[in-house]
Amino acid sequence: MADQLAIASRRGLRPALPLLLPAYLWLTVAIFLPLSAMVFFSFMTDLPLAGKEWAFTLGNYAAFFSQSLYSRLLLSSLRLGLEVTLWCIVIGYPAAYVLAKVLKGRSREAIFLLVILPFWSNGLVRIFSWAMVLREGGILDTALNAVLPFKINIDLMYSYPAVIIGLVHSYVPYMVLTCYLTLQAIDDSLIEAGRSLGASRRQVLWRVIIPLSMPGLIAGSALIFVPVVGSFMEQRILGGRTGTFYGTVIEDQFVAVFNWPLGAALSFILLAVVLIILALAAPVLRRAG
Amino acid sequence: MAGVQVANVSRSFGAHKALDDVSIDFADGGFYALLGPSGSGKTTLLRQIAGFDFPDTGRIAIGGESVERVPVEKRRIGMVFQNYALFPNMSVADNVAFGLSVRGEPKATIATEVQRALDLVQLGKLGGRKPHQLSGGQRQRVALARAIVTKPRVLLLDEPLGALDKALRVDMQIELKRIQREIGITTIFVTHDQEEALTMSDRIGILRDGRLVQEGPPEEIYDRPQSEFAATFLGDANIFRGDATGSGIKLPDGTTIKASTGASVPAGTKASCAVRPERIQISTGAGMPDAGGANVLKGKVSKRIFAGNNSTYFVDRDGQTLKVIVQNTGAERLAEGQPVVLNWSPDSTVLIAG
């Protein structure tokens, strides 16, 4: 580490520039410019299109605070983010453990492929396929009624659970991958050492394996929580009338209502809230990791 | 504390027989070395005793109690791993405290016991450090303190000194032996280093291809090896092969080698003789007193390696190269190419059944 720093400072940054520039140029063009435009929009009364009159205003931000609807929706989106993240941990962590510590060779590759598979299919296709499974008279309903001796009606479509199911399905691979990487780096002899000292498998899990895989759990949670809070597609298709969340309201402003300034302002409030949450969590997480 | 009995233990992995009918009795309080080349089954045997793996057949008892199907966490053993396996997320003191804390001991007891264990390994002041802030030797000591703080019935060490450099290894050998004597715990030590096995242990078990080749005190195995493998794996040996005569062997060229230790082999069957290089006297033959019953062979020095306190001569004799080690007593050194006479006593010659 110290050696690398010494070399870097001796040579200066100049030789590294050709390597850094393409990435930073791209980031400037692709992220910084559009985002700056959005920041600009968020302070406008109207879009400056077709010669419409516009002026600077703080009204878009004020709208968030004056109408309790927005903060209520933001809270339910944060709760959704938390729930989906927790379900991803509950489902993804054990799978990552088995992949990293139990399976070896061919079977590991095969199971790994199954985990990655959702990544390779189109997001919309994934969600619509869930719609076919969850609706009344759908695959789940038909299958359960074929097996069970009594008649039940399963109609999860257009409900909160349907939104959770769709989101967990989309995001659980992130948790499996990040946890798999940290779990795989844990030396098996640490687990054996724990057991040789009289710890049961459960005690080894809580005292050795989970603390050592915390970086993966944290990385996975951040990768899931942040996009889920702003998500809208799953809510729209699987949630129906119950699927109004902060993300869908933002989408409405851009797509339906055509009120870009309000949509932009709501987006930046979301960004600020997420950053504050991550900043507050950082010291706790750092200690845990 | 307790002794360990391993009786007729076999363990196969697929078609590979890792342990083949191994029986050893580890007496209470002894220091044992399991010695063998890699793949000999020594670590597999240690893992059976620890309980990480169960034997296919056979019995294992700790303190008279059958444990061959008892999982590791219930066997009350202490184990030191080759890579130390310290928990990187915990301080030194928390590492040592782990075994007591999972048992639910009161905090005050844990603190006293941890301090006592750290003092025993002379790391009393480093409890607050993290493992990555320690040197290799210090990590080794922490691993040892962690293994013994729970007062296990038996201490198992899997090549614990393998990762240390030579000088540190010798220090740790002495240290380990001191601690073992102090707490009087039955200790089983896996190593492929014959010197380590010789200097540290009360008894050595030599393994090869999953079988126990020979077991006994280091002096006995060194002085009276029962196989060519034991003779050459533990120390150096010159091996002669021929037909047993009743009091030694006859080499194919008619020379007889007299042996008065080792197995009794019926005359006429195949047998071999082993002689340690330091037991052979080498001279130019001039002014040599009558050998009087000693074994005498003529040869020519092919190579001499000077190592300060001793020299090793390689002597060619009828196509065989013999090794002779001579202490540096200030006597005249023999040149390469010089014809020499080797002689040694039949008492130093071990007869081994072919």
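Arg11(B) and Asp56(B) form a salt bridge whose closest N and O atoms are 2.9 Å apart; the term stands for a side-chain nitrogen of Lys or Arg within 4 Å of a carboxyl oxygen of Asp or Glu. Arg11(B) belongs to strand E1 (residues 4–13) of chain B, and Asp56(B) to the loop between helix H1 (42–50) and strand E4 (57–62) of chain B, so the pair ties together parts that are 45 residues apart in sequence. Helices (H or I, at least four residues) and strands (E, at least two) are DSSP runs, numbered from the N terminus.

The model is predicted: local features need pLDDT of at least 70 and side-chain atom pairs count only at pLDDT 80 or more, while totals for chains, interfaces and linings use all residues. Residues are numbered from 1 along each chain as its sequence is written, chains are lettered from A and ligands numbered from 1 in the order in which they are written, and side-chain values use heavy atoms, with hydrogens and water left out.

Over all chains, a search of the whole structure finds 29 salt bridges. Across the interface of chain B and chain A there are 2 salt bridges. The table sets one of these beside the pair described above.

| Salt bridge | Closest N and O atoms |
|---|---|
| Arg11(B) with Asp56(B) | 2.9 Å |
| Arg47(B) with Glu192(A) | 2.6 Å |

The contact (heavy atoms within 4.5 Å) takes 21 residues from chain B and 17 residues from chain A. Glu73(B), Phe98(B) and Val102(B) supply 31% of the area that chain B buries against chain A, more than any other three residues. Buried area is the accessible area (1.4 Å probe) that two parts lose on being put together, summed over both. Between chain B and chain A this comes to about 1700 Å², with 61% given by carbon and sulfur atoms.

Turning to the sheet, 5 strands of chain B form an open, antiparallel arrangement in the order E16-E20-E17-E18-E19; two strands pair if DSSP finds at least two bridges between them. Strand E16 (281–283) and strand E19 (320–327) of chain B are at the edges with a single partner strand each, so one side of each is left without a neighbour in the sheet. Strand E18 (residues 310–317) of chain B pairs with E19(B) in the antiparallel sense over 8 bridges. The bridge partner of Asp316(B) in E19(B) is Thr321(B).
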